[in-house]
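Please examine the sequence and the structure shown below before reading on. The report that follows is written for a reader who is new to structural description.

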Amino acid sequence: LRRATASSGRGRLASQCIPRRYSFARLPRVKRRVFRSQIALNSTNNTNDSKENERIPWKEVSVLVTSQFIVNSGFGFVIPVLPSFAAELGMGPSGVGIILSSPAMVRILVNQPLGRAADRWGRRPLMVAGTLIMAASSVGTGMATTFSTMVPFRLLMGIGTAASTAGSQAYMADLTDRVPTHRAKLLGLQQTAITAAFVGGPVLGGFLTHHLGIRMGFFASGIAAAACCVGYSMLKETLQLTKKARKSDRDSAATSPGDAEASNTAASSHEDGKRNNSGRHSWFRLLQGSSSISAVTGVNFSLYLGYACMLTVLPMYAKELWGANEFEIGMIFSGVSALGFIGGPLAGWAADRFGRKAVVVPSALFIASGAGLMSMVDSKAAFLAALFVWGVGNSMITPGITAFAVDHAPEDQKGNLLSLTRQAGDLAFLVGPVGLGALAEYTSYSHSLTLTSAVMLATGSFFWLKAKEVPKAALKRK
């Protein structure tokens, strides 16, 4: 009877929990009452546990998102400064590309080790150390007077951003694992905060540049990174909590006589995760083993290639088309980023309700269309219209991509898989700014924009054909 009542809360009916040689009719009346009361108590406890597991961790999400808003505001400060800063150092559009791509070159080398470090040592140490490095490198860039003194600080920025992003992405994945059916909504909220940062950041950066000089944007970015470090230091580590929860699930499964096989399967999966973290499973094997992972990685590459084109080509294009100044460029980027106030939450809700592909594929089409239209503009009004279409796609695609990647992340490899998607983005930022800037400088701006559009269209089509959704029921079990 005790074994039967202990198992009654684990998905079995009361009649299935009683051995065949017993029945309610054969049990004494007192024991029948005890048995029913114990089943009711177990059912209530399981319901309470389910509600507890579905509770959104708003406190941790709020601190994380606020800190990311601050640090991304610092990135926004720098956007209007880049053309003038490159010109002061004696460089053209390709120089802007070098400023942007130098950190990406280092991130490509350290993404995988840092992703494994996040899975092994924790998320919070990488987040705190990374933002401190970012603060120092931003201030150093602002103090640089020549190309040779600027490059080392940009390389240091790559290490800082890689460490901070490795920790923060895995941290957010841990939080959304508690409520997987609300994952895209929380990621949409995160995207909205980043959007707000890029709305206010370029405007404030253009104002600081106009009144205090072009280097003030880098100094303000350093201050923002230091403030983000303070916010990250207030968070609790989630890696140990995730491991304890997984061990508790295995232990509770092992106490049920009929669940021994499931317990062994969970233990085997855990050991596989440890082996994967030790390096035996490379990124290549992850890409080779899943067309969905390959597809989302390709879309992320195209997305960041589009960002590189926006930051490298569009400011120079606007200057050539109608003589836009730094403040006007900042206002344009802020206006486009403001679309994320609607696009981010809407995309998060739609991705949870209708699926990730239902959001990612149309967003990719908007981005490809916007870049293609931009290659044909000949006036300021047409420029702004094409940029609006491009911005709608950018504002909606990120929650779907990130949620899709986390959905497919194997246990104990969230940091490693997310570092793979970052690697694709960093590769785009390595080749994109220099390549697209040189293509614009030596041929035309239209060629750079057409290439960006074609790449997004190709990877978006591959995602539509090959990516496979994870069913909602499987997400809840995971």
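The structure is a predicted model, in which local features need pLDDT of at least 70 and side-chain atom pairs count only at pLDDT 80 or more, while totals for chains, interfaces and linings use all residues. Residues are numbered from 1 along each chain as its sequence is written, and side-chain values use heavy atoms, with hydrogens and water left out.

**Salt bridges**

A salt bridge is counted where a side-chain nitrogen of Lys or Arg lies within 4 Å of a carboxyl oxygen of Asp or Glu. The whole structure holds 9 salt bridges.

| Salt bridge | N to O distance |
|---|---|
| R183 and D177 | 2.4 Å |
| R183 and D407 | 2.5 Å |
| D407 and R356 | 2.8 Å |

The pair of R183 and D407 links distant parts of the chain, since R183 belongs to helix α9 (residues 183-212) and D407 to helix α18, 224 residues apart. Helices are DSSP runs (H or I, at least four residues), numbered from the N terminus. Salt bridges with shared partners join D177, R183, K185, D352, R356 and D407 into one network.

How far are these residues covered by protein? A residue is called buried under 20% relative accessible area, exposed over 50%, and partly exposed in between (1.4 Å probe, protein chains only). R183 is buried because its relative accessibility is 2%. D407, at 4% relative accessibility, is likewise buried, and R356 is buried too. D177 counts as partly exposed because its relative accessibility is 29%.

**A cavity**

A cavity is a set of points on a 1 Å grid over the protein atoms alone where a 1.4 Å probe fits but cannot get out, and its lining residues have an atom within 4 Å of a point. Grid points are joined across faces, edges and corners, and a volume is the space filled by probe spheres set on the points. The model has 3 cavities of 30 Å³ or more. The second largest cavity has a volume of about 40 Å³. Which residues line the second largest cavity? They are L314, P315, A318, I329, I332, F333, F383 and L387. Helices α14 (291-322), α15 (326-337) and α18 (380-407) each contribute at least two residues to this lining. The lining comprises 8 nonpolar residues, with no polar and no charged ones.

**A surface patch**

F341, I342, L346, W349 and F354 make a nonpolar surface patch of about 550 Å². Such a patch is made of residues with over 30% relative accessible area and no salt bridge, with nonpolar side chains joined within 5 Å. F354 lies in helix α16 (residues 340-354), and F354 counts as exposed because its relative accessibility is 54%.

**Two pairs of residues**

G160 is part of helix α8 (residues 147-178) and counts as buried because its relative accessibility is 0%. The C-alpha atoms of G160 and P103 are 9.0 Å apart, although 57 residues separate them along the chain.

E441 is in helix α19 (residues 414-442) and is partly exposed at 35% relative accessibility.

Terms used:
1 Å grid on protein atoms, 1.4 Å probe; cavity = no way out; pocket = protein on both sides within 12 Å on 5 of 7 lines; lining within 4 Å. Nonpolar A, V, L, I, M, F, W, Y, C, P; charged D, E, K, R; others polar. Patch = residues over 30% accessible without salt bridge, like charges linked within 9 Å, V, L, I, M, F, W, Y side chains within 5 Å. Areas by Shrake-Rupley, 256 points an atom, 1.4 Å probe, with all protein chains shown as cover.
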